Amino acid sequence: MALLLPDTLPTLQTVTGRFVLAPFTALDVEPLARLLARDEIWSQGFSDSEARPAGEAELMAFVDRRFAGLQVFSVYQKLPLGQSRFVGTTGITEHDEPTERVKIGRTVLDPDFWGAKVNHEVKITLLDWLFSCGAGRIECDVDSRNQRSLSSLARFGFTAEGTRRRSSRNVDGLWRDFVILSLLTDEWPDLRPRALASLAGQMPAGLLAV
């Protein structure tokens, strides 16, 4: 099956119905900038070696640079009475049709939801959709300092293939290492039931109800 990604992202609902993935728009820049203002996000190495923006205007300009031209989903929590809450983003940073390779990234989630299996649930939906579009290999690279993401991806079934050492320089002059991870299309049928079971077994009770 050849890789064929649409020009316009669809709107996807996660398996529990708690969250919706919708195409990132200009209306999402401001709420994302507010998330990026939090110390917890920057401690995970999200900056890609840029100096931390100071103030809302710089943060919004940072988002515009980092997300320009990419196919990114906004993640929303569904609330009662048709309302929703912006939770973060995830999406595609590179793809190559001849090799059926898709690189995912730009994952930012509200720290208030950390530990609530949100990234796990969102990843199931994202992977389901990408593999249905013909992806043969889905990969990501993660700053070696970001142990939260590395542990999550390993539990999910991604294989750590190695570390790209001395990959880029921090704004403070120190070099950064990146861990390269991948998941293949023929691995997903066996891993998906385990991912669903993990989600069902460890979902915090307070987030079960919409």
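Mentor: In this predicted model, helix H4 meets helix H5 through Asn119, His120, Lys123, Ile124 and Leu127 on the H4 side, and through Ser152, Leu153 and Phe156 on the H5 side. Sorted by class, the residues of this contact are 4 nonpolar, 3 polar and 1 charged. H4 covers residues 118-132 and H5 covers residues 147-156.

Two packed helices are described by the angle between their axes and the distance between the axes. For H4 and H5, the axes come within 11 Å and cross at roughly 55 degrees. An angle of 65 to 115 degrees would count as roughly perpendicular and one under 35 degrees as roughly parallel; H4 and H5 are therefore oblique to each other. Their crossing is right-handed.

A second pair can be set beside it. Helix H1 (residues 29-36) and helix H3 (residues 56-67) have axes that come within 9 Å and cross at roughly 110 degrees. That angle makes H1 roughly perpendicular to H3. From H1, the residues in this contact are Val29, Glu30, Leu32, Ala33 and Leu36. They meet Glu56, Leu59, Met60, Phe62, Val63, Asp64 and Phe67 of H3. By class, the contact of H1 with H3 holds 9 nonpolar and 3 charged residues, with no polar ones.

Val72 lies in strand E3, residues 71-78. With a relative accessible area of 3%, where under 20% counts as buried, Val72 is buried. Between Val72 and Phe86 there are 14 residues in sequence and 14 Å in space, taken from C-alpha to C-alpha.

Now the whole chain. The protein chain has 6 helices and 8 strands, and along the sequence they follow the pattern β-β-α-α-α-β-β-β-α-β-α-β-β-α. Of its 210 residues, 48% are buried. Among contacts between residues at least 6 apart in sequence, 65% join residues at least 24 apart. The C-alpha trace spans about 45 × 45 × 35 Å along its principal axes. A compact globule of 210 residues would have a radius of gyration near 17 Å, and the chain has 17 Å, which agrees.

Definitions and conventions:
Residues are numbered from 1 along each chain as its sequence is written. This is a predicted model: local features need pLDDT of at least 70, side-chain atom pairs count only at pLDDT 80 or more; totals for chains, interfaces and linings use all residues. Side-chain values use heavy atoms; hydrogens and water are left out. Axes are lines fitted to C-alpha atoms, for helices over the stretch in contact, and angles run from 0 to 180 degrees between N-to-C directions. Helices (H or I, at least four residues) and strands (E, at least two) are DSSP runs, numbered from the N terminus. Angles under 35 degrees count as roughly parallel, over 145 as roughly antiparallel, 65 to 115 as roughly perpendicular and the rest as oblique. A crossing is left-handed if the near helix is turned anticlockwise from the far one by less than a right angle, and right-handed if clockwise. Contact means heavy atoms within 4.5 Å. Ala, Val, Leu, Ile, Met, Phe, Trp, Tyr, Cys and Pro count as nonpolar, Asp, Glu, Lys and Arg as charged, and the others, Gly among them, as polar. The radius of gyration is taken over C-alpha atoms; the globule rule is 2.2 Å times the number of residues to the power 0.38. Buried means under 20% relative accessible area, exposed over 50%, partly exposed in between (1.4 Å probe, protein chains only).
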